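Hi,

Here is the structure I promised to pass on.

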Amino acid sequence: MNDLSKVLTTGGDGMLGSYVNFGIKTNRRSLDITDLKEVRSVFQNHKPEIVLHFAAETDVDRCERDPEYAYFINSIGTYNIALVAAELGIKVVYISTNAVFDGLKNGPYSETDKPHPTNFYGHSKLLGEFAIKELLDNYLILRVSWMMGGGPSKDQKFVSKIINQLKKDGTKKINVVNDQFGALTYAKDLVEAIKVLINEDKRGIFHLPNSGSSSRYDVAKEIVNILNLNIDVNPVNSSFFNLDASRNGNDRLDSSLNIMRSWQEALREYLESEWK
Ligand SMILES: NC(=O)c1ccc[n+]([C@@H]2O[C@H](COP(=O)([O-])OP(=O)(O)OC[C@H]3O[C@@H](n4cnc5c(N)ncnc54)[C@H](OP(=O)(O)O)[C@@H]3O)[C@@H](O)[C@H]2O)c1
């Protein structure tokens, strides 16, 4: 499919949605995914051929404090999208997460590994996957990890948190965990990859982070290096930070597609183009 004007995006104001510059973009005001009637009327009105379903509650700690809210947005919201898309013959591209796995595997997770989430964000996203798989024939579920993108105005995730600490006046040292392994996903690269995959009419479940893997400590060291700062990065283990939701030690995802550039290259472009 080459005509991107027939693509509708949910969560268009988010980190990932900010890279979509085609089709019909919706946000929570124009399309609240938890409102089934609104989903049906917006889809009937715009008649998209494909929906990029990006809307979600992505604050992992908020999901842990308020599981009902997590399920309402991530599971019921996705159920509404899948149900109406099935009625109207629309393909759905759903972005899922490494958090559907428990992190106990010795090695990266492949697309065929059985999910087993350990926090409410993961549970609620996995139920979203179930709705997509059960109700639709034509879907793409793309699992990614450690997303970065959107620059200072949109990024509230790991890379942005590290940069904000590094940029605080007088910072000489930051503490970063060295017992969590995964890979960054540059949201800009993900949108480009989605365009390729919908053009090829790919279907099914794929993992799609940037290639390679690292600890969070390695990522922080690379940020310091790219920004050319003279600040120490001190390795600590996860118990150092008191977070509401448990984090897995192993967030690594293997991709059978092999189409993403390295996380180091993506990180460099992200910092140089969006954080200067
Ligand atoms: N960020 C990551 O590290 C990561 C990792 C793996 C997978 N993912 C997945 O990637 C997708 C995109 O994430 P992102 O990082 O772009 O998230 P984001 O920046 O938090 O954006 C999510 C967007 O969804 C919107 N939204 C929330 N509830 C909604 C509702 N009821 N109706 C309509 N829109 C609603 C939010 O609007 P408000 O601003 O109004 O709340 C926000 O604009 C999500 O499905 C997420 O689960 C993210």
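Leu 52 sits in strand E3, residues 50-53 (helices, H or I of at least four residues, and strands, E of at least two, are DSSP runs numbered from the N terminus). Leu 52 is buried, as 29 other C-beta atoms lie within 10 Å. For burial I used C-beta atoms placed from the backbone: 20 or more others within 10 Å is buried, 12 or fewer is exposed, and anything in between is partly exposed. Leaving out residues up to four places away in sequence, Leu 52 touches Val 7, Thr 9, Val 20, Val 93 and Ile 194; contact here means C-beta atoms, placed from the backbone, within 7 Å. Val 191 is 139 residues from Leu 52 along the chain, with 9.7 Å between their C-alpha atoms.

Before you go further: this is a predicted model, where local features need pLDDT of at least 70, side-chain atom pairs count only at pLDDT 80 or more, and totals for chains, interfaces and linings use all residues. Numbering runs from 1 along each chain as its sequence is written.

Now the overall picture. The protein has 9 helices and 12 strands, and its C-alpha trace spans about 55 × 35 × 35 Å along the principal axes. Buried residues are 45% of the 276. Among contacts with a separation of 6 or more, 79% join residues 24 or more positions apart.

The domain assignment (bounds come from an automatic or database assignment) gives domain 1 (4-147 + 183-207) and domain 2 (152-181 + 214-250 + 262-274). Their centres, taken over C-alpha atoms, are 26 Å apart. The contact between them takes 19 residues from domain 1 and 17 residues from domain 2. On the domain 1 side, helix H2 (residues 60-65) supplies the largest share, 5 residues. That side divides into 9 nonpolar, 4 polar and 6 charged residues, counting Ala, Val, Leu, Ile, Met, Phe, Trp, Tyr, Cys and Pro as nonpolar, Asp, Glu, Lys and Arg as charged, and the others, Gly among them, as polar.

What about the inside? Setting aside residues up to four places away in sequence, Leu 184 touches Trp 146, Met 148, Pro 209, Asn 210, Val 219, Trp 263, Ala 266 and Leu 267.

Val 219 brings us to helix H8 (residues 216-226), where it is buried along with Arg 216, Ala 220, Glu 222 and Ile 223. Those five lie on the same side of H8, because they cover an arc of only 160 degrees around the axis (the arc is that of the directions from the helix axis to the C-beta atoms). Their cover includes helices H6 (158-167) and H9 (263-274), plus strands E7 (173-177), E11 (214-215) and E12 (232-236). After H8 comes Asn 228, with a positive phi near 60 degrees.

The C-alpha atoms of Asp 201 and Asp 251, 50 residues apart along the chain, are separated by 28 Å.

Cheers

How values were computed:
Contact = placed C-beta atoms within 7 Å.
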